[in-house]
Every structure is written in C-alpha cells, then in structure tokens.
Amino acid sequence: MNSPVRNEILHASCSELRVTEHEAEQEFVLPDSFIGFSGHFPGYPIVPGVVQVLMAQLVAEQSGMLKQPPQAMERAKFHRQLRPQERIVVRCTAKEVRGKSVIDATLMVGDEIASAFWLIRD
C-alpha cells in the first residue's frame with residue numbers, strides 16, 4: 001500500500017538495502033521538508049514514533065521478512081529523539097521468541113540506540 005509518508009521514507013534512503021539470512025539494514029536521512037514532521041512539533045521537528053515503526057516495517061517488507069503488515073508491536077522503547085538530517089540506521093532481525101515469529105527492529109544514530117521494538121508476524 002502506497003502513501004505519501006511511505007513514499008517519502010523510501011525516497012529518503014541513503015544506502016542500498018543490505019540483506020543477510022536473518023537480518024536487513026538500511027540507512028535514511030529525513031529532510032527538513034519530510035511530511036512526517038508537519039505538526040510534530042512546530043519549531044522543533046522530531047520523527048514520530050509511528051514513522052519509526054513504519055521505517056522498520058518498510059525495511060522488513062523490502063527484504064522479504066514481512067509479507068503482510070505486522071499483527072502487533074511489542075517491547076517498544078524510544079530512547080532518544082530523531083531529528084531532521086540525522087543518519088538513521090534501521091536494522092531488522094527475524095527471529096523466533098517464545099513461539100512468536102518476530103522482527104526485532106532497532107533504529108540507531110551512530111552508536112546510539114534511538115528506538116527498539118518487536119514487530120510480530122503471523
């Protein structure tokens with residue numbers, strides 16, 4: 001499903017998608033004009049949590065880890081704000097945890113974890 005936000009995230013990719021057997025990684029730099037910043041917050045734009053989740057979902061979809069939207073999200077932790085022009089590394093790892101099929105997603109800026117969460121596959 002295409003949407004303006006999805007399209008702008010994909011356009012903000014600044015690296016090729018790197019895929020191994022159980023992991024995918026891609027880097028993004030969201031410009032000041034990114035649609036997700038409108039209203040969040042005027043004068044001090046930050047990447048909304050829902051956009052961070054969508055970034056991970058897109059990486060997982062492009063790598064083939066997700067064939068359909070995730071069923072749920074668990075264990076979400078947002079550690080730092082993400083701002084325009086930061087280089088955001090999105091890493092997704094497919095794993096099984098306690099009988100659940102999980103995409104373990106981490107967004108980083110440099111060596112610092114910005115957010116981490118699980119996307120639950122069916």
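User: How many aromatic pairs does a search of the whole structure find?

Analyst: The model is predicted. The search covers the whole structure, and the number of aromatic pairs it finds is 2.

User: What is the geometry of the pair formed by the rings of Phe-34 and Phe-37?

Analyst: The ring centres of Phe-34 and Phe-37 are 5.4 Å apart. Their planes meet at 80°. Planes over 60 degrees apart count as edge-to-face. The pair of Phe-34 and Phe-37 is therefore edge-to-face.

User: Are Phe-34 and Phe-37 buried or exposed?

Analyst: Burial requires under 20% relative accessible area. Phe-34 falls in that class, and so does Phe-37: buried.

User: Which ring lies under the charged end of Arg-83, and which has Arg-75 over its face?

Analyst: Arg-75 lies 4.6 Å from the ring centre of Trp-118, over the face of that ring. The charged end of Arg-83 is placed 3.9 Å from the centre of another residue's ring, that of Tyr-44. So a charge counts as over a ring here when CZ of Arg is within 6 Å of the ring centre and within 35 degrees of the ring normal. For Arg-83 the ring is Tyr-44; for Arg-75 it is Trp-118.

User: What span does helix α2 reach from its first C-alpha to its last?

Analyst: Helix α2 runs over residues 49-63 and has 15 residues. At 1.5 Å a residue, 21 Å is expected. The span reached is close to that, at 22 Å.

User: Which elements cover the buried residues of α2?

Analyst: The buried residues of α2 include Val-51, Leu-54, Met-55, Leu-58 and Val-59. Their cover includes helix α1 (4-11). It also includes the strands β2 (23-29), β3 (72-78), β4 (87-97), β5 (100-109) and β6 (112-121).

User: Which residue follows α2, and what is its phi?

Analyst: The helix α2 ends at residue 63. The residue after α2 has a positive phi, near 90°, and is Gly-64.

User: Where is the peptide bond from His-40 to Phe-41 placed, and is it cis or trans?

Analyst: Phe-41 is in the loop between β2 and α2. Omega of the bond from His-40 to Phe-41 is near 0°, making it cis.

User: What is the relative accessible area of Gln-85, and what is that of Arg-98?

Analyst: Gln-85 lies in the loop between β3 and β4, with a positive phi near 75°. Arg-98 lies in the loop between β4 and β5, with a positive phi near 50°. Gln-85 is partly exposed, at 47%. Arg-98 is exposed, at 70%.

How values were computed
Residues numbered from 1 in each chain as written. Predicted model: local features only at pLDDT ≥ 70, side-chain atom pairs only at ≥ 80, totals over all residues. Heavy atoms only, no water. Phe/Tyr/Trp six-rings, centres within 6.5 Å; stacked < 30°, edge-to-face > 60°. Buried < 20%, exposed > 50% of the residue type's maximum accessible area, 1.4 Å probe, protein only. Helix = DSSP H or I, 4+ residues; strand = E, 2+ residues; numbered from the N terminus. Expected span 1.5 Å × (residues − 1). Contact = heavy atoms within 4.5 Å.
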